[in-house]
Amino acid sequence: MTDPTYTPPAVWTWDSENGGAFANINRPIAGATHDAVLPVGKHPFQFYSLATPNGVKVTILFEELLAAGHVGAEYDAWLIDIRQGDQFGSGFVAVNPNSKIPALVDRSGPEPIRLFESGAMLIHLAEKFGAFMPSGAGRAETLSWLMWQMGSAPFLGGGFGHFFAYAPAKFEYAINRFTMEAKRQLDVLDRRLAESEHIAGPDYSIADMAIWAWYGQVALGEVYVSADYDAATFLGVKDYRHLQRWAIAIAGRPAVRRGTMVNRAMGDPARQLRERHDASDFELRTQDKLEPVEA
């Protein structure tokens with residue numbers, strides 16, 4: 001696996017024991033592996049996710065919509081534990097044939113509408129409620145930056161994050177390759193934020209939510225960090241001072257703080273709200289209250 005003389009075969013075959021943090025759930029075929037009906041709550045929107053950056057960007061928008069007074073944006077958030085393969089259940093695959101979190105069902109109309117890419121969810125919700133999406137040239141700028149995030153984040157996550165934090169061994173070439181690209185992307189954002197308060201202009205938008213979930217959390221040392229590795233230090237994120245200003249400001253928004261708690265199943269128990277069905281859950285149903293540590 002780490003042999004520098006490795007030569008790819010003429011036809012690739014799957015080695016299910018290829019190692020890495022997610023080897024037990026990765027596979028080269030699509031479709032369900034087991035029957036599992038998705039739960040449905042009482043609210044107009046049913047959200048199925050885990051608090052990864054792609055999930056967090058949508059729960060941030062839900063919480064921002066509710067904070068802005070859009071009561072029709074109430075939602076139930078159900079935990080999908082990708083480490084256990086929940087995303088391969090038949091019910092989840094029916095909503096998201098790509099078996100990636102998040103998945104969303106809009107039940108506010110006469111027929112349910114499924115959405116299975118986080119960027120599509122942000123656009124759908126922003127347009128539905130007429131919020132966090134400017135009009136005219138501002139809309140084009142917002143969509144351009146949103147699509148930038150959708151296209152760029154795989155280099156940060158599946159590239160840099162995987163080889164830096166999750167791969168079964170450290171590969172210098174891969175880490176150098178994706179670190180260079182991650183730093184280039186951070187510089188793109190830093191230069192943009194040197195001339196603009198928010199990503200797409202003067203107003204806070206879904207572009208900020210999407211990009212902060214990935215790059216803001218990296219800049220603040222919230223992802224790819226453990227006792228063994230620290231991406232923020234490795235990437236020198238403090239050097240991007242305009243990005244730092246923006247990341248700190250977004251993190252200070254109450255709705256963002258709530259959104260990052262939803263479907264969280266790791267870290268500080270007081271920050272874990274594994275399911276969200278009511279605003280009061282943030283006070284009453286975090287994991288420290290459901291499973292208090294015995295003295």
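This is a predicted model: local features need pLDDT of at least 70, side-chain atom pairs count only at pLDDT 80 or more; totals for chains, interfaces and linings use all residues.
I started with a side-chain contact: Glu63 and Arg276 meet in a salt bridge, 3.3 Å from N to O.

Next I checked where the two sit. Glu63 is in helix 1, while Arg276 is in the loop between helix 9 and helix 10 (281-284), and 213 residues separate them. Buried or exposed, I wondered, is Arg276? It is buried, with a relative accessible area of 0%. Glu63 is buried as well, at 3%.

Then I looked for other partners. Arg276 also forms a salt bridge with Glu74, where the closest N and O atoms are 2.7 Å apart. Glu74 lies in the loop between helix 1 and strand 2, so this pair ties together parts 202 residues apart in sequence.

Glu63 has another partner too: Arg258, with the closest N and O atoms 3.1 Å apart. Arg258 belongs to helix 9 (residues 254-259), 195 residues from Glu63. I found Arg258 partly exposed, with a relative accessible area of 25%. Put together, Glu63, Glu74, Arg258 and Arg276 are linked in a network of salt bridges. The whole structure holds 12 salt bridges.

Helix 1 (residues 53-67) lies across strand 1, strand 2 and strand 3, and runs at about 150° to strand 1. Helix 3 (residues 118-129) packs on the sheet too, touching strand 1, strand 3 and strand 4.

I noted an open sheet of 4 strands in the order 2-1-3-4, with mixed pairing. Its edge strands are strand 2 (75-79) and strand 4 (113-115).

Definitions and conventions. Residues are numbered from 1 along each chain as its sequence is written. Side-chain values use heavy atoms; hydrogens and water are left out. Two strands pair if DSSP finds at least two bridges between them. Helices (H or I, at least four residues) and strands (E, at least two) are DSSP runs, numbered from the N terminus. Contact means heavy atoms within 4.5 Å. Axes are lines fitted to C-alpha atoms, for helices over the stretch in contact, and angles run from 0 to 180 degrees between N-to-C directions. A salt bridge is a side-chain nitrogen of Lys or Arg within 4 Å of a carboxyl oxygen of Asp or Glu. Buried means under 20% relative accessible area, exposed over 50%, partly exposed in between (1.4 Å probe, protein chains only).
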